[in-house]
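Have a look at the picture, and then we can go through it piece by piece.

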Amino acid sequence: MCGHVVAVGSGVSRVRVGDHITTSAFCPCGSCSQCSGGMVNLCAGRTNLSHEDWPGCFATHVVLREPMITVLPHDMPHEQGTLVEPLSIAWHALQRPDTRPQHVAVIGAGGIGAATVLLAHRAGATKVTAIDRGVAKERLARKLGASCFLDAGDLDDRAKYTDVNADLTVVTSGHPSCLTEALELTRPRGQVVVVSYSGSDVSIPLDGFVGNEITLLTSHLAVGSEVEEIVTMLSNGLDASRLITHRFPIHDVEAAFDLLTSPEGVSAGRVVLENRLKEDLR
């Protein structure tokens, strides 16, 4: 989300009324060894927005906690601000390998996958291959910078997986076959980063990973320095608005979810809810 601060608590020192801000979806505890080491994304004591008794941001006002907030430049458009969090998750995934990849393959062109396609060139890639299903996803992926698209539902395209030879494959889909697909797409001694959750156990074709010395990495959320890097990129001209395909006023949130669960939803990128309050307008 992105918005303006209209009130602060007595213990808040870094954020002021009127600040233009965005937020992560969680608040780190600030006291565990992970937080002390700068790995707030791995904090075991974090609390999560929209969980238990903490209402989320599909509302006119949201209560946040100071450590989760990033103050944005006042002139940054609200839509850009809403994209900082998913972009930072994609950027974190692209930082996990120990070398800069020339060819990046991205399995899944949904929310985080689309952001990964957009940022892959910023991470040093000269070629980006996106893998998903359907013409709509291909249009979105190519708009975001993919130089090649393979349709996972097309048997002819599936036969081309072994020709990709990506240095890095980023898995942003939770489909059970994704690690097998990643093995096919990645060159020997390449690297695979898994960002997605699957909701169930996934089999790993271990012999193929071992036989090709492919490194399997995982990626979770993002850290503060990566969030700041994304803010800098946006301030310096990164056009992330290409990720947004649909916009709804906040009172039409039900229509937004209806879209995402409809056949048309497969063509959706980021869906933005717009809230306009008199006190927030400048």
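What follows starts with the whole chain and then moves on to single residues.

A word on the ground rules comes before anything else. This is a predicted model, so to speak of local features takes a pLDDT of at least 70, and side-chain atom pairs count only at pLDDT 80 or more, while totals for chains, interfaces and linings use all residues. Residues are numbered from 1 along each chain as its sequence is written, and side-chain values use heavy atoms, with hydrogens and water left out.

Let's begin with the overall layout. The protein chain has 10 helices and 13 strands; these are DSSP runs numbered from the N terminus, where a helix is H or I over at least four residues and a strand is E over at least two. The radius of gyration of the protein chain is 20 Å, close to the 19 Å that the globule rule gives for 282 residues, so the chain is as compact as a globular protein of that length. That radius is taken over C-alpha atoms, and the rule is 2.2 Å times the number of residues to the power 0.38. Along its principal axes, the C-alpha trace spans about 60 × 45 × 35 Å.

How much of the chain is tucked away? Of the 282 residues, 45% count as buried. Buried stands for under 20% relative accessible area, exposed for over 50%, and partly exposed for anything in between, with a 1.4 Å probe and protein chains only. The surface comes to about 14,200 Å², and carbon and sulfur atoms supply 52% of it; such areas come from the Shrake-Rupley method with a 1.4 Å probe, and for residues only the protein chains shown count as cover.

Take the contacts with a separation of 6 or more: residues 24 or more positions apart account for 62% of them, where contact means heavy atoms within 4.5 Å. As for charge, the chain has 23 positive and 32 negative side chains, and the centres of the two sets lie 5 Å apart. Lys and Arg count as positive and Asp and Glu as negative, with His and the chain ends not counted. The place of each charge is NZ of Lys, CZ of Arg, CG of Asp or CD of Glu.

Now for the loop between β4 and β5. E52 is found there, with β4 covering 47-48 and β5 covering 69-71. The phi of E52 is near 50°, a positive value in a residue other than glycine, and E52 counts as exposed at 83% relative accessibility. R189 also has a positive phi, about 65°, although it is not a glycine. R189 lies in strand β10, residues 186-194, and is exposed at 59% relative accessibility.

The structure holds 1 aromatic pair. The rings of F58 and F257 have their centres 5.8 Å apart and their planes at 65°, so the pair is edge-to-face. Rings of Phe, Tyr and Trp (its six-membered ring) pair if their centres lie within 6.5 Å; planes under 30 degrees apart are stacked, over 60 edge-to-face, and the rest tilted. This pair links distant parts of the chain, with F58 in the loop between β4 and β5 and F257 in helix α10 (residues 253-260), 199 residues apart. F58 is exposed at 52% relative accessible area, while F257 is partly exposed at 44%.

A59 sits in that loop too and is partly exposed at 30%. It touches I250 and N275, leaving aside residues up to four places away in sequence. The C-alpha atoms of A59 and V253 are 9.8 Å apart in space, though 194 residues separate them in sequence.

Where does the loop lead? T70 is found in strand β5 and is buried, with a relative accessible area of 10%. Not counting residues up to four places away in sequence, T70 touches H20, I21, T22, V227, E228 and V231.

One last stop is strand β7 (residues 127-132), the place of K127. K127 is partly exposed, with a relative accessible area of 38%. Its C-alpha lies 7.4 Å from that of A146, which is 19 residues away in sequence.
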